[in-house]
Each structure stands twice: as structure tokens, then as C-alpha cells.
Amino acid sequence: MIRLLSAILLGLSATLAAANDAPGKAEATIRAKLAAAMKGTEITAVTPTPVPGLYEVLLDGAETAFVSADGSYVVSGDLFQVAPGKGLTNLTEQKRAAKH
């Protein structure tokens, strides 16, 4: 599972690194595309992640998804950072914990 998620994120980051969209433009694009594709779902927040071109999207105030800057790709689940000597750090869980 973690290998699959890592492979997907690596592929997305390589593809999206060339996008260089400004965060405001990317947020507007993401909101528009998701609103059209997911009618009735509230897009609570769109924030940049440490991965270039990848944004964290909070849906209905509870579910987290990761979306490409152009709004064309969505990955559901948590974002992990690989840290040499430290293993994996769940960045999504850290963010959730900080809000409580």
C-alpha cells in the first residue's frame, strides 16, 4: 500500500513539477474542477503540500484528498514523507492532530 502510494506521488510530483502554477490559480482551478465533478461535496480548504504541484483538499470538512494543480488527478488517503533514518512520517495525521 505504501509503495503504491509512494509510486503514485512520485509520478505526480515529477509530472507536476513542470506546471509551476501560482497557488491562487491552482486553488481556483481545483475548486472549479472538483465542484463540477463532485456536485454536492463541499470543498472546505485547498492548501499546497511539500510536493510541488500537489494540493491537499479537505472535502466536507473531514475527508482529505490530494489533487494535481490542474485539477485532473485525485489521490485519496494520507501523505507520507520519507525521511532517511526516521522512516515514514504521516504529514496528514500531523496536520489533523494540530487542528485539535
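Predicted model: local features only at pLDDT ≥ 70, side-chain atom pairs only at ≥ 80, totals over all residues.
1. Helices (H or I, at least four residues) and strands (E, at least two) are DSSP runs, numbered from the N terminus.

2. Now the helix itself. The buried residues of α2 are Ala26, Ile30 and Leu34; buried means under 20% relative accessible area, exposed over 50%, and partly exposed in between (1.4 Å probe, protein chains only). These three cover an arc of only 50° around the axis, so they sit on the same side of α2; the arc is that of the directions from the helix axis to the C-beta atoms. Gly24 and Lys25 are exposed, on the face turned away from the buried side of α2.

3. On to the cores. A nonpolar core is a set of buried Ala, Val, Leu, Ile, Met, Phe, Trp, Tyr and Cys residues joined through side-chain atoms within 4.5 Å. The largest one has 11 residues, among them Ala26, Ile30, Leu34, Tyr55 and Val57. At least two residues of this core come from each of α2, β1, β2 and β3. There is also a second, separate core of 5 residues, including Val51, Leu54, Val75 and Leu79.

4. Leaving aside neighbours within four places in sequence, Val57 is in contact (heavy atoms within 4.5 Å) with residues including Ile30, Leu34, Ile43 and Val67. In β3, Val57 stands opposite Ala65.

5. Glu56 is found in strand β2. Is Glu56 buried or exposed? Glu56 is buried, with a relative accessible area of 11%. The Glu56 side chain makes a polar contact with the side chain of Lys95 at 2.5 Å. A polar contact is a pair of N or O atoms within 3.5 Å; within protein, one must be able to donate a hydrogen and the other to accept it, and residues adjacent in sequence count only if both atoms are side-chain atoms.

6. Next, the strand pairing, which takes at least two DSSP bridges between two strands. β1 and β2 are antiparallel over 5 bridges, with Ile43 partnered by Leu59 in β2. β2 and β3 run antiparallel and are joined by 6 bridges, while 3 bridges join β3 to β4, also antiparallel. Of the 6 residues of β3, 5 are buried, so β3 is largely enclosed by the rest of the structure.

7. The β1–β2 hairpin has 5 residues between its strands, and Gly53 in the turn has a positive phi of about 80°. In the β2–β3 hairpin, with 3 residues between the strands, Asp60 in the turn has a positive phi of about 50°.

Key:
Residues numbered from 1 in each chain as written. Heavy atoms only, no water.
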